[in-house]
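Subject: A structure for you to look at

Hello,

Here is the structure I promised to pass on. Please open it first, and then read my notes below with it at your side.

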Amino acid sequence: MEEKVKQKIESLQAYAVDVCNDEQRRMAGNILKAMGFARTSSAALKLLINVGYFPVHVNLDLFRYDVQTTYTEKVLSVAEELLVDCPDSDKHVRKDLSNLRVYAIDVDEADELDDALSATRLPDGRIKVWIHVADPTCFLQPRSILDREAMHRGTSIFLPTATFPMFPERLAMNAMSLQQGTDCRSVSVSVILHPDGSIAEYSIENSVIKPTYMLTYEGATELLYMNLEEEKDLRILQEAASIRAQWRRSQGSIDTAMIEPRIKVANPDDPEPNINLYVEDQTNPAMQLVSEMMILCGEAVAAFGSDNNIPLPYRGHPQSNTAVSAFAYLPEGPARSVANISVLRAAEMDFRKPVAHGVLGIPGYVQFTSPIRRYVDLLAHYQVKAFLRGESPPYSAGDLEGMTFIASMHVKVARKLHSNSLRYWLLEYLRRQPKGRKYRALLLKFIKDRMATLLLVDVGIQVTTVVAAGKVGDEASVVVEMVHPRDDILSVTEIAQDTEE
């Protein structure tokens, strides 16, 4: 572009995302006025779309939050060097677990696969499970250029339109990830359960696994329902998950399972891209199975850290002042979960010793199962792996606190990006639906008088409107009256039950 045109475009872009300096504000205002537009950010956005600079569905948050979506040549060069030559310093101590049947269960479009599961029944009838976690630290050194890059990203960013991994793509989605039918370096957390679901024994070791199956949640649930003899290990995992859930409930765990929407947009730069909506019910058997095993892993790692005096990012959550039984009158599911969430106290962290996690109903918890996409999990891996090698932990409790703070700031931005983008595309999905389409809605809570928050069950989005009758947990039918994705406007009206037919 000519320099003058470039300045004008940049001024309009800064004005559109409301991050402009005085000179950019003056220039953008003059352009909009000269062209007969109002001096508003939405007018600047519309102009940039009209001239073809932005696609219709541009995600302004990427500019607003200055999100790093690419890597420097230096970082990419270091990553490529590791792909060519990365000897395994733990090779001599890795336990060969490649004979185990290993299930990797995730969403169907998962890019980074960093955990998998195995199980068996011991001769005494007890269940032994393994939570296998990818081992990216075998590619990394603490405080290295790749490590610092990951810390300043904090997490992988997952949007309906794209994934921005915490590590360069070829590392994150190939070399570091677990691959089906391939010998994979991992860290395996094994746990033997008491019959009541509590932990009897645990161990953590470097390992080699060969994932047998890469399953979606839907595929794993189908296998469970088929009850095949050859998949008895999967059924044992489900049994383990069931007794674990019962044990955690006996310890005061709180149900926060919701209906969660996922959207994948295949061609986001098109004016009318394809929108694929998936609505996940977290009570899905396979999702519950995986969730229970991830929580079990976190409890075992916290116990390991406590037993061996290892500084780790321990997560806790105080018990609510409101008893779990207070909401027992509500039907199980989203209505009760929303009530439970509304009375939760703030989470807390300690870097020296475990903190009780009242929400999960366990004595301690460390996030450990996603080291490729969450930096705080990676920190836990550095600490545990050093202990397994007989070395001092690379980071003190103070170091961990500082780095967790830095990473957490970026995680907050990533969460905001995800929720804003997901809502935009949910609204765009609703905008395209036939006018007058009826939606099944669940009454989650009352705000004032008959003004209530509803969950559109088939879409997974919450909306506020007036309802004529009913109580929390009841169902209603609504139609969409107005929806404007760019302005975040969604208006629905209840349909009287007796007129639906």
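In which loop is Ile 254 found? Ile 254 is in the loop between H9 and strand S10 (259–265), where helices (H or I, at least four residues) and strands (E, at least two) are DSSP runs, numbered from the N terminus.

Before I go on, a word on how to read the numbers. This is a predicted model, in which local features need pLDDT of at least 70 and side-chain atom pairs count only at pLDDT 80 or more, while totals for chains, interfaces and linings use all residues. Residues are numbered from 1 along each chain as its sequence is written, and side-chain values use heavy atoms, with hydrogens and water left out.

Back to Ile 254. With a relative accessible area of 10%, Ile 254 is buried; buried means under 20% relative accessible area, exposed over 50%, and partly exposed in between (1.4 Å probe, protein chains only). Not counting residues up to four places away in sequence, Ile 254 touches Val 324, Asn 340, Leu 344, Gly 358 and Val 359, with contact meaning heavy atoms within 4.5 Å.

**Domains**

The domain assignment gives the protein chain domain 1 (3–54), domain 2 (73–428) and domain 3 (433–495); such bounds come from an automatic or database domain assignment. Taken over C-alpha atoms, the centres of domain 2 and domain 3 are separated by 33 Å. Between these two domains, 15 residues of domain 2 are in contact with 20 residues of domain 3.

**Aromatic rings**

How many aromatic pairs does a search of the whole structure find? There are seven aromatic pairs. Rings of Phe, Tyr and Trp (its six-membered ring) pair if their centres lie within 6.5 Å; planes under 30 degrees apart count as stacked, over 60 as edge-to-face and the rest as tilted.

One of the pairs is Phe 54 with Phe 63: the ring centres are 5.4 Å apart and the planes are at 40 degrees, so this pair is tilted. Phe 54 counts as buried at 6% relative accessibility, whereas Phe 63 counts as partly exposed at 34%. Together with Tyr 53, Phe 54 and Phe 63 form one aromatic cluster.

Now for Tyr 382 and Tyr 395. At 3% relative accessibility Tyr 382 counts as buried, and Tyr 395 is buried too, with a relative accessible area of 2%. Their ring centres are 6.1 Å apart with the planes at 70 degrees, so the pair is edge-to-face. This pair links distant parts of the chain, with Tyr 382 in helix H12 (residues 375–388) and Tyr 395 in the loop between H12 and helix H13 (397–431), 13 residues apart.

Two arginines also meet rings. The charged end of Arg 185 sits over the ring of Phe 139, 5.6 Å from its centre, and Arg 262 lies over the face of Tyr 278, at 4.8 Å from the ring centre. A charge sits over a ring if NZ of Lys or CZ of Arg is within 6 Å of the ring centre and within 35 degrees of the ring normal.

**Salt bridges**

The structure holds 34 salt bridges, each a side-chain nitrogen of Lys or Arg within 4 Å of a carboxyl oxygen of Asp or Glu. One of them joins Glu 299 and Arg 244, with the closest N and O atoms 2.6 Å apart. That pair links distant parts of the chain: Glu 299 is in helix H10 (residues 285–307) and Arg 244 in helix H9, 55 residues apart. Glu 299 is buried, with a relative accessible area of 7%, and Arg 244 is buried with 0%.

Arg 432 and Glu 272 meet in another salt bridge (3.6 Å, N to O). Here Arg 432 is in the loop between H13 and strand S14 (438–448) and Glu 272 in the loop between S10 and strand S11 (275–281), 160 residues apart. Arg 432 is partly exposed at 29% relative accessible area, as is Glu 272 at 49%.

Finally, Asp 233 lies in helix H9 (residues 232–250). Asp 233 is buried yet has no salt bridge, and the nearest side chain of opposite charge, Arg 101, is 4.4 Å away. For charge, Lys and Arg count as positive and Asp and Glu as negative, while His and the chain ends are not counted.

Happy exploring!
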